[in-house]
Amino acid sequence: MNKPYLLFRNHNSPYWYAQIRLADGSLSNNKSTGKESRTEAEKVVMEWVVKVECPKWVSKKGNSKNSNSLDTLAILNQLKTKPFTELKITQIHDILKERNFIKTSVRTESKAARDAMEFLIEFWDYEKSPYIRELHLRGKSFHKKHSNRMTRIIFNYWEPIISGKLVGEITRDDINKFYDVESTQKLAPKTVKSIINAITVALKWAYLHGLTEINCYDGIIKPKDNPQKRAILTMEEIKLLFAAKWENETAKLACLIASYTGMRQGEIAALRLHDIGEDRIYIRHSWGKYDGLKTPKNGEEREIRIPHQLRDMIIMQALKNPWRQDLSAFVFFSKSRADRPMDTDAWSVYM
C-alpha cells in the first residue's frame, strides 16, 4: 500500500522534506520536516497526516507555523495547477464575492482590465470619446473647450492618485484621496466640483456600460458652490461707462452690443456681415476657442432689434476687415488670421 506521503532529501540541505498525498491524489508542495534523521522526519510527517493538516513553514528547530488542513491544501493545489474553463472561473469568482472574501476583482482581458488613465484620457478626447459621441447622437451639445479642460484636470489632479490602476480597481476610497491632498484645501469649491466630476462622470459611464463592477460615483461629498450673485449695472452706470474714454474702441463696441442686446461674448465674436439686418441682429452662431463656429448655447437662432446708430457702428467696424469684404466677413476680425475673430479676452480687460 502506498504511503500517504513521500519523503526525500534536497541537495545542499541536511533536512528531510515531504510531500503529502492529498484526497484528490495530487501531492502538496515540498515541506521541510526540520529533521536530519529519517526516523524523526517520518514521525513529524505522520503527525501531519493524523492531524489532517500541514504547516506552511517549519523552522530549523522543528517549530511549525500557520498550518493548513489537507483539504485546504487540495483546494489550493487545484487552483494553482488545474486548468479551469471560463464557467468554472466565473463560479469561483462569484462564490468568493458571495462570501464577502473579495469586494471586486478584475479578470484578465476583461473590459475592467483596461488602464485607468488610458480610459480617462480617451473618455474626454473630443474626437475619440464614446461618451461625447453618445451626447451628440442625443442632440446634446458638448464643446472642445470643456473636453480639453477635463483632460487637463485628469493629468494634473488624478494621474498622481490612480496611475498604475485598472478601471475595475478604482474605488470610492481612491476618489476621496483627492480631499487628503493639502493643495485641495486652497481650491475654490467650483474648481473642486469640476475636478471630482472629471472622474466620477467617466466612472459612472464605465459602471453603466459594464467596464467596472464598482459604483464609486454615488456618495462622494462635493463642496457647496456659493457663487457671488451677479449684479446688473444701473442705467446711470451704463451711461458713465460708455461716456468714458476707452483705450480700445473695438472692445467698447463689443461691450456696447452686449449691454444693449444681452448677447454672450462668443455670440458677439461670431457676428458676420450677413448677420446684421436693417434694424436687427440675427444670432446664428457662437464662437469657441477650440470649436470655432458653433450653434448658440441654447441651440436656437434668435434675432434682436437694434437702433440704427448701433447698426451703423457695427457696419463701420466690419468694413475695417482687411481680409475680405463679403458678407462672410467677421465684424470683430482677427488681425493675424482671416478664418477667426479677434481674441475676446481683451474685451473685459479694456472694460
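Strand β2 is mostly covered, with five of its five residues buried; buried here means under 20% relative accessible area, with exposed over 50% and partly exposed in between, using a 1.4 Å probe and protein chains only. Strands are DSSP runs of E with at least two residues, helices are runs of H or I with at least four, and both are numbered from the N terminus.

Before I go on, the sources. This is a predicted model, where local features need pLDDT of at least 70 and side-chain atom pairs count only at pLDDT 80 or more, while totals for chains, interfaces and linings use all residues. Residues are numbered from 1 along each chain as its sequence is written, and side-chain values use heavy atoms, leaving out hydrogens and water.

Back to the strand. In a regular strand the side chains alternate between the two faces of the sheet. For β2, both faces are covered: W16, A18 and I20 are buried on one side, and Y17 and Q19 are buried on the other.

Now its partners. Two strands pair if DSSP finds at least two bridges between them. Strand β1, residues 5–9, pairs with β2, residues 16–20, in the antiparallel sense over five bridges. F8 has Y17 as its bridge partner in β2, and L6 stands opposite Q19. The two strands form a hairpin with six residues between them, and N12 in the turn has a positive phi of about 65°. β2 also pairs with strand β3, residues 31–32, again antiparallel, over two bridges. There, the bridge partner of A18 is K31.

Next, a helix pair. Helix α4, residues 116–123, packs against helix α6, residues 144–162, at an angle of about 160°, with the axes 10 Å apart. Axes are lines fitted to C-alpha atoms, for helices over the stretch in contact, and angles run from 0 to 180 degrees between N-to-C directions. α4 and α6 are therefore roughly antiparallel to each other, the term for angles over 145 degrees. From α4, the contact is made by A116, M117, L120 and I121; from α6, by I154, F155, E159 and I162. Contact means heavy atoms within 4.5 Å. By class, the α4–α6 contact has seven nonpolar residues, no polar ones and one charged. Nonpolar covers Ala, Val, Leu, Ile, Met, Phe, Trp, Tyr, Cys and Pro; charged covers Asp, Glu, Lys and Arg; the others, Gly among them, are polar.

Last, one residue. I315 lies in helix α12, residues 308–318. Which residues is I315 in contact with, leaving aside its neighbours within four places in sequence? They are L273 and I276. The C-alpha atoms of I315 and V331 are separated by 7.6 Å, the two residues being 16 apart along the chain.

Technical notes:
Parallel < 35°, antiparallel > 145°, perpendicular 65-115°, else oblique.
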